[in-house]
Amino acid sequence: MPQDDLQLLSAVPRLRRYARALVRNREDADDLVQDTLERAWTKSGLWRGVADMRAWLFGIMHNLHADGQRRPRLATVDLDDAMPESPVAGSHSERLDVLDLQAALALLPHEQQEVLLLVALEDMAYADIASTLGIPIGTVMSRLSRGRERLRALMEGRAEPVHLKVVP
């Protein structure tokens, strides 16, 4: 099997994990991963010029997800997913903490969610995130900082993050 094919296949678990965190629905996440792999496969002629296959695939997924967010959607109710997926098999209070974190994450602006998930879940470098999302590295750092502060405020039960006063 060619090296590029192996790189593509080795990225599938990370793509699936990020997609599930991004869309919070197993079926939609699987569809997003499949669409990403299909798009990458149709562009296989570009693989030789790709320095980081993982970042390239995440960029494709980001663009597909953003396109999907722009399209109007039919309102539906999931009946099968009463309990969100959670890799934590801990105590009841730990499960509640995970649910609180998931709910707080859902309240963040989409741009902050993406950066937080790529840093925390995928352990991507800021430069790779900037390349993946097509934004400057300073914007990555700003979104990450604002997202972390907002998430912290939500988890502590504060409605708004504390804004520090700048003293000249």
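**View 1. Arg-24 lies in the loop that joins helix H2 (12–23) to H3.** Helices (H or I, at least four residues) and strands (E, at least two) are DSSP runs, numbered from the N terminus. This is a predicted model, in which local features need pLDDT of at least 70 and side-chain atom pairs count only at pLDDT 80 or more, whereas totals for chains, interfaces and linings use all residues. Residues are numbered from 1 along each chain as its sequence is written, and side-chain values use heavy atoms, with hydrogens and water left out. Arg-24 has a phi near 55°, a positive value in a residue other than glycine. Most residues other than glycine have a negative phi. With a relative accessibility of 36%, Arg-24 counts as partly exposed; buried means under 20% relative accessible area, exposed over 50%, and partly exposed in between (1.4 Å probe, protein chains only).

**View 2. A patch of negative charge on the surface brings together Glu-27, Asp-28, Asp-31, Asp-35 and Glu-38.** Asp-35 belongs to helix H3 (residues 26–42) and is partly exposed, its relative accessible area being 38%. Patch residues have over 30% relative accessible area and no salt bridge, and like charges are joined within 9 Å. A salt bridge is a side-chain nitrogen of Lys or Arg within 4 Å of a carboxyl oxygen of Asp or Glu. Asp and Glu count as negative, with the charge placed at CG of Asp or CD of Glu.

**View 3. Helix H6 (residues 110–120) is largely enclosed by the rest of the structure, because eight of its 11 residues are buried.** The buried residues are Gln-112, Gln-113, Glu-114, Val-115, Leu-116, Leu-117, Leu-118 and Val-119. Gln-112, a residue of helix H6, has 8% relative accessibility and therefore counts as buried. Leaving aside residues up to four places away in sequence, Gln-112 touches Arg-143, Arg-146, Gly-147 and Arg-150, where contact means heavy atoms within 4.5 Å.

**View 4. Asp-123 occupies the loop between H6 and helix H7 (126–133).** The phi of Asp-123 is near 55°, a positive value in a residue other than glycine. Asp-123 is exposed, at a relative accessible area of 63%.

**View 5. The protein chain has eight helices and zero strands.** Buried residues account for 34% of its 168 residues. Of the contacts in the protein chain with a separation of 6 or more, 59% are between residues 24 or more positions apart.

Methods:
Patches are made of residues with over 30% relative accessible area and no salt bridge: like charges are joined within 9 Å, nonpolar side chains (Val, Leu, Ile, Met, Phe, Trp, Tyr) within 5 Å. Accessible areas come from the Shrake-Rupley method with a 1.4 Å probe; for residues, only the protein chains shown count as cover.
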